Amino acid sequence: MSTPASVLDAAIAHAFTGLREGRESFAPKLTPHEVGTITSISTGIATVSGLPGVGFEELVRFPGGLLGIAFNVDEKEVGVVLLGDYEDLRAGDEVERTGRVTDVVVGEGLLGRVIDPLGRPLDDKGPVPGNERWPVERPAPAIMDREAVSVPLQTGIMVIDALVPVGRGQRELILGDRQSGKTAVAIDTILNQRGKNVLCVYCAICQRASAVAKAVARLRDGGAMDYTVVVVAEGNEAPGLAYITPYAATSIAEYFMEKGRDVLIVYDDLTHHARAYRELSLLLRRPPGREAFPGDIFYIHSRMLERSTHLSKERGGGSLTALPIIETEAQDISAYIPTNLISITDGQIYLSPTLFELGVLPAVDAGKSVSRVGGAAQREAYRSIAGDLKLAYSQFAELETFAKFGTRLDDSTRRIIDHGQRIRACFIQPESQPVAMAEQIGVLFALSVGLFDKVPLEKMAEGVRNLRGAAAKMPPEVAARLSTADKLSDADRKVILDIATLALAPLQPPPPPKPAAEPAPEKKPAGGPAPATKPAPAAKPGPAPKPASAAPPQKEPAMKPEATGKPADPPASAPQPAPPAKAADKPAP
Ligand SMILES: Nc1ncnc2c1ncn2[C@@H]1O[C@H](COP(=O)(O)OP(=O)(O)OP(=O)(O)O)[C@@H](O)[C@H]1O
Ligand SMILES: [Mg+2]
C-alpha cells in the first residue's frame, strides 16, 4: 500500500533536487544588446540614433532581417548604407548591432553559380553550398608576399596577346565608349581559360539585366560556367549593394588565390560602381569633389585592385588577374574616373568606337593601349615576332588618314599602309572564338615576314582562316616549344614558315607573265601618260617576282605599289616606269 506513495515522493524529491541544482548553478550573465532607432530614411540610406558602440563598417540589422553597413559614424547619429529593399522601413523602427562586418560565402561550391554580393543565389540551383564566410573588405597582400608577374594569361584575342599581353597577377583596364565591345573582350578572355587551369569570377555591377543574362548565356554556351562564378548587383538594386559587389567578388576570387590557384576577375563595370558610391556619399552629405565624386573615390578603387597580385611561393603561388572595365564618354579617357583607374592599373586596352564603326572588331586601339608588365610575361615566341608588329601597326594607324584623301603617297608610306592594312585584317576576330596560341604564332609570324603582303586585302580573311587551320596541325613538339620560355629556334621558325607559305600559296598572285613586264619600259620613252596606266592592272598582281614558296627572301620585295596604278616591277627596273606612272596619276584624282 505504502510502496507507490513512497515511490512518488522519491520521484518528486528527485525532480525538485534537480530543479534546485539547476537554479543554483545558473549564473545570470549580462549581454548588452544595443538597439537604436531609425531617425530618417532616404534613397538607400538610413540615419540611426542610439547605437553608441557601433563600429565603422559594422553590419546592423533592421526589422525584417534587412542588413545595413554603418558608414558614417558620428557622435550622435550613424549613417547606414542599406543592403536591400528598404520600402518597408519607417522612422522609429528598431535597429540592432550584429557585431560583425559584411561577409560573403566563399568556396568551391560557388563555381558555376550566379549569386548576389551577400551570397544569395540568383540562379535556380538552390542554396549556395559552403559554410566558410570571408569579409568582403580584406587587406591586400603585403609587398614581401608578392612576386613578379611572369606567366602570361592568354586572352585568345590575337591583337591583345600580341600587342598588349596580360600576365597572371596583372591589372589591365579595359576602357571605351558604350557599346564598343568591352564586355565581349572580357567574356572572350574567360572563355579562353577553358582547360588552362584558371578560375574566373565575373562581377556585373548595375548592368542591364538583359546584358547580364546575355553574358551568362555566353559563358554557359562556351562551357565556361564550370570554372566561373558570376556575382551580380542588378541595376535596380540599392546603391549599397552595388557598392559592395566588387569587394565581395574579390573575396570570392581571393579564396581560390589563397589556395594557390590562378584566378581571373572581371569588374563590369567600375563606372557604375563609382556612381553608386557617389550617390551614397552625397546622400550621406559627404563633401563632393571633382565631378561631384567624394574625395576618397580613388582609394575605393585602389584598395580593391591592390588585392590582385601574384603571390610568392611561400604563400602558395596563386595569382589574381584583374580586368576592370570603365566606360568613357565621347572617347574622353582623361575624365576623372578613367584617369584614376589608368593610374591604378598596370596598363589599359582602349576600344575605339571609330574602329568599331569600321568593323575592325575587337576594336582595340593599339596606339592608346599599353601593358606595363605583360611584356615580361609574354612568351619568347611572341616577343620575337610582336615587337616589330606593334611598331608597324602604330605607324600605319598614324599614316592611314593620309591614304583616305587619295593623296599620292611615296613608296615607303604606301608600303607601311599596305602592311598595316594586312596586320589589321589579321586582328579582326569574331566574338566567342578565341584563337589558340599555335595559330596565333603562325599568323603573326607570317605577318612579320611579309607573307601576307602579297595577299589581296579581300582575300585576307580566307588567308587567315587557311593559315590558322594549317597552324593548328603544327607538329606537337613545335607547338609545345612555343609555350615554353625559350626563344624560337631557327628550325622551328623554318617549320612555321613552311606551314605558312604552303597555306597562303593559293592566295598569292601568280608570278608576273614575263612578256608583260617587258613592254612597260619600252613605252616609257614614248612618254604617253595614257599607255602607262594600261599595264598597271596586268602588272598589279605581279609584285612578287620571286616564287612564293621560297622561304628566306620574303622580307623586302613584298610591298610594291598597287593602288596608285604604277606598274609594279621588280626593284631593278623600278626607276624607269615610275615617272610616267606618276604623270599619269595626276589627272586621275
Ligand atoms: N569581336 C566582335 N565581333 C563581332 N561583334 C562584336 C565583337 N565584339 C563585340 N561585338 C558586338 O558589339 C556589341 C557591343 O558589345 P559589348 O556589349 O561587349 O559592348 P560594351 O562596350 O560592353 O557595351 P556596354 O557599354 O553596353 O556595356 C554587341 O552586340 C556585341 O555582340
Ligand atoms: Mg558591357
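The expected span here is 1.5 Å times one less than the number of residues, and helices (H or I, at least four residues) and strands (E, at least two) are DSSP runs numbered from the N terminus. The model is predicted: local features need pLDDT of at least 70, side-chain atom pairs count only at pLDDT 80 or more, and totals for chains, interfaces and linings use all residues. Residues are numbered from 1 along each chain as its sequence is written, while chains are lettered from A and ligands numbered from 1 in the order in which they are written.

H11 has a kink of about 40° centred on Ala386, the bend being the angle between axes fitted to the seven residues ending at a residue and the seven starting there. Ala386 is also among the buried residues of H11, together with Ala381, Tyr382, Ile385, Leu389, Tyr393 and Phe396. Buried means that 20 or more other C-beta atoms, placed from the backbone, lie within 10 Å of a residue's own. These buried residues pack against helices H2 (158-163), H12 (411-427), H13 (437-448) and H15 (476-482), with contact taken as C-beta atoms, placed from the backbone, within 7 Å.

Turning to ligand 1, domain 2 (105-377) and domain 3 (379-514 + 532-589) both give residues to its shell, so the ligand lies between them; the domain bounds come from an automatic or database assignment. Helix H3 (residues 182-191) supplies the largest share of this shell, 3 residues.

Note on methods: A residue is buried if 20 or more other C-beta atoms lie within 10 Å of its own, exposed if 12 or fewer, and partly exposed in between; C-beta atoms are placed from the backbone. Two residues are in contact if their C-beta atoms, placed from the backbone, lie within 7 Å.
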